[in-house]
Amino acid sequence: MRDPRSEALLAWYDLHARDLPWRMPPGATHRADPYRVWLSEVMLQQTTVAAVKGYFATFTTTWPTLADLAAAEDGAVMAAWAGLGYYARARNLLKCARVVVAEHGGRFPETEAGLRALPGIGPYTAAAIAAIAFGEPAVVVDGNVERVMSRLAAIETPLPAARTEIRAVAAEMTPSDRPGDHAQAVMDLGATICTPRAPACMLCPLSLDCAGRAAGIAATLPRKAPKAAKPARRGHVYLARRGTEWLVETRPDSGLLGGMLAFPTSDWSAAPDDAPPFAAPWQRIGSVRHGFTHFDLTLDVHATDVAGNPDRGRWEVLDPGALPTLFAKAHALWAETERET
């Protein structure tokens with residue numbers, strides 16, 4: 001027998017589910033394609049649905065099956081991912097696809113535990129795929145679920161310490177039938193009704209069961225422990241153009257922006273060395289800023305039209321769309337400078 005809260009939530013979801021390209025409609029007799037579920041869940045980490053839709057369409061058009069993705073060239077996948085951020089996800093995407101093809105006959109494991117053993121699949125993603133694609137009653141907890149459960153049970157313990165309590169409430173509600181629809185219903189509720197600011201409690205199917213609303217504190221939940229200030233780093237980035245070609249390099253596979261197309265840079269530190277890739281009259285044209293998970297970065301942008309003999313990188317025609325956001329910002333600054341001269 002379902003938890004009455006899950007019953008109410010599923011009834012709401014049957015009427016109000018978001019139409020998303022990786023989903024099956026509520027109550028569908030056929031389960032969602034595990035490949036599309038996995039791909040969408042990896043893309044959605046730290047990113048919005050609106051940002052992901054275009055990337056998802058590109059990937060599923062270019063590589064319609066898991067086997068297609070596993071056989072893709074690394075550079076093509078990284079270029080298609082450019083701009084979506086958190087680039088370790090793209091590297092792990094390829095690793096995971098190749099492991100599933102090589103070691104599992106091209107079929108994803110159908111259990112949460114089996115999925116957890118694959119590269120790049122953590123607790124949340126494993127639970128989501130298990131529930132949505134395979135009907136396992138896994139407890140799926142993402143940011144939306146944390147917010148809904150915190151408010152529903154009036155959990156005032158700050159995150160991340162509250163996660164044990166939140167998971168317990170989510171587990172109580174997770175049904176053995178339609179677990180995938182239930183997980184997506186909680187996500188949709190958090191995204192459209194139980195929003196971070198000004199939740200629409202009058203429209204919520206769980207409003208009568210919500211302890212946070214009853215106590216008048218729903219909008220203040222979940223509580224979060226204060227974040228430590230992120231350290232600041234600096235660096236230099238060098239944009240050299242030779243006719244229609246640019247000096248670019250592929251960053252090392254390990255580390256930030258690993259495997260991505262980039263302009264040459266200095267080290268990123270409190271006191272970076274100014275180390276251009278070749279001797280030339282470099283002109284500083286400004287700076288760009290970018291926030292990473294653990295630090296904020298400011299890069300001074302240097303440009304030249306002198307075609308020197310670089311000691312690193314290669315000359316090639318550049319598609320700015322293949323650059324990660326940090327280097328796309330540097331290229332945009334150069335383009336703006338060119339328009340003004």
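I started with the second largest cavity and sorted its lining by class: 8 nonpolar, 2 polar and no charged residues. For the classes I counted Ala, Val, Leu, Ile, Met, Phe, Trp, Tyr, Cys and Pro as nonpolar, Asp, Glu, Lys and Arg as charged, and the others, Gly among them, as polar.

The model is predicted: local features need pLDDT of at least 70, side-chain atom pairs count only at pLDDT 80 or more, and totals for chains, interfaces and linings use all residues. Residues are numbered from 1 along each chain as its sequence is written, and side-chain values use heavy atoms, with hydrogens and water left out.

I took a cavity as a set of points, on a 1 Å grid over the protein atoms alone, where a 1.4 Å probe fits but cannot get out; lining residues have an atom within 4 Å of a point. Points are joined across faces, edges and corners, and a volume is the space filled by probe spheres set on them.

I then noted the volume of the second largest cavity, about 60 Å³. Its lining includes Val139, Met149, Thr174 and His182. Helices H9 and H11 (179-192) each supply at least two lining residues. H11 gives the largest share, 3 residues. Helices here are DSSP runs (H or I, at least four residues), numbered from the N terminus.

Next I looked at the whole structure. It holds 2 cavities of 30 Å³ or more. Of its 15 lining residues, Arg151, Cys194, Cys201, Cys204 and Cys210 are the closest to its centre. I sorted this lining too: 12 nonpolar, 1 polar and 2 charged. H9 (residues 143-152) gives the most to it, with 3 residues.

Note on methods: 1 Å grid on protein atoms, 1.4 Å probe; cavity = no way out; pocket = protein on both sides within 12 Å on 5 of 7 lines; lining within 4 Å.
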